Amino acid sequence: MNLEELQAALAEVPLGGLRFYQQVGSTNDEAASWASDGAADFALVVADEQTAGRGRSGNKWFTPSGAALAFSFILRPTQAQLSNPGRLAGLGALAVSEACEQNGLQPVIKWPNDVLLSGRKLAGVLVESVWLGKELEASIMGVGVNVLAGAVPPANATAYPATSLETELGHPMDRIAVLRQILRSIWRWRGLLGTDEFIRTWEAHLAFRSREVTLTDNQGGALSGTFLGLDADGSARLEANHRIIAVRAGEMSLRLKDDRMS
Ligand code: BTN
């Protein structure tokens, strides 16, 4: 993967700019500093390898050279985003899911934004905010996808079992071709972020609906109940003790109630 290949393959995607790193700490950090330096909306940072890739809840994200897709978008706030901040969490996961479907796979989204294939994690999304005082300057949407088998972290390095597109398809995939599919989908759904269709489609992809699940936060708090689906702001809706409770994504993690994996 190099800048020229990326530029050629992504020529028709209306990017606000493109930066490529053979090796970087975290594309989310590069995107945040580029956003503060005035990067345009929909500017994209891609890396072949991350040495300090970050996941949700303070987890590390494994991004070895030559095998994974790791990229971050700079999204300048639109009215639809400002009115529906929780919906950004679903945007990247929905786009990765659609790319899987285009390749004949059947993904599900573990709320809020882990993409699973065959019950194993294929991809994760980390949305972070860049503030200027009290003003939201930009949202950074970082996406990590295990494209080739070499991107799958060692079993003892993750809380949840992982897989790759190569493992699931039985043949390797071109990382840039996958990136192009994801970007097209992100571009399309971003324009529909404020619609019911967006929430309905995200919800239709969710794993564990109608099942007993446990939501945990990173301070050890836990809530169990029947997973009903999504609220309009992207919160998870649970029925617990005959009450309907909405839980915002934040640092929450969802699992089946009797499953010890997070
Ligand atoms: C998760 O599932 O915990 C989220 C993982 C997000 C990983 C991506 S890889 C590109 C971007 N840069 C990072 O440091 N993290 C995100």
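Predicted model: local features only at pLDDT ≥ 70, side-chain atom pairs only at ≥ 80, totals over all residues.
Me: What makes strand β8 largely enclosed by the rest of the structure?
Reply: A residue counts as buried when its relative accessible area is under 20%, and four of the five residues of β8, which spans residues 212-216, are buried, so the strand is largely enclosed by the rest of the structure.

Me: How do you know that β8 pairs with β9?
Reply: Pairing asks for at least two bridges between two strands, and five bridges join β8 to β9 (residues 222-230), so the two are paired, and they run antiparallel. Within this pair, Glu212 stands opposite Thr226 in β9. The two strands form a hairpin with five residues between them, and in the turn Gly220 has a positive phi of about 90°.

Me: Which residues have the most contacts inside the largest nonpolar core?
Reply: They are Phe71, Trp111 and Ile182, in a core of 68 residues. Helix α4 (residues 88-102) gives the most to this core, with nine residues.

Me: What does Ile182 touch, not counting residues up to four places away in sequence?
Reply: With contact taken as heavy atoms within 4.5 Å, Ile182 touches Leu69, Phe71, Ala95, Val96, Ala99 and Val145.

Conventions: Residues numbered from 1 in each chain as written. Heavy atoms only, no water. Buried < 20%, exposed > 50% of the residue type's maximum accessible area, 1.4 Å probe, protein only. Core = buried A, V, L, I, M, F, W, Y, C linked by side-chain atoms within 4.5 Å.
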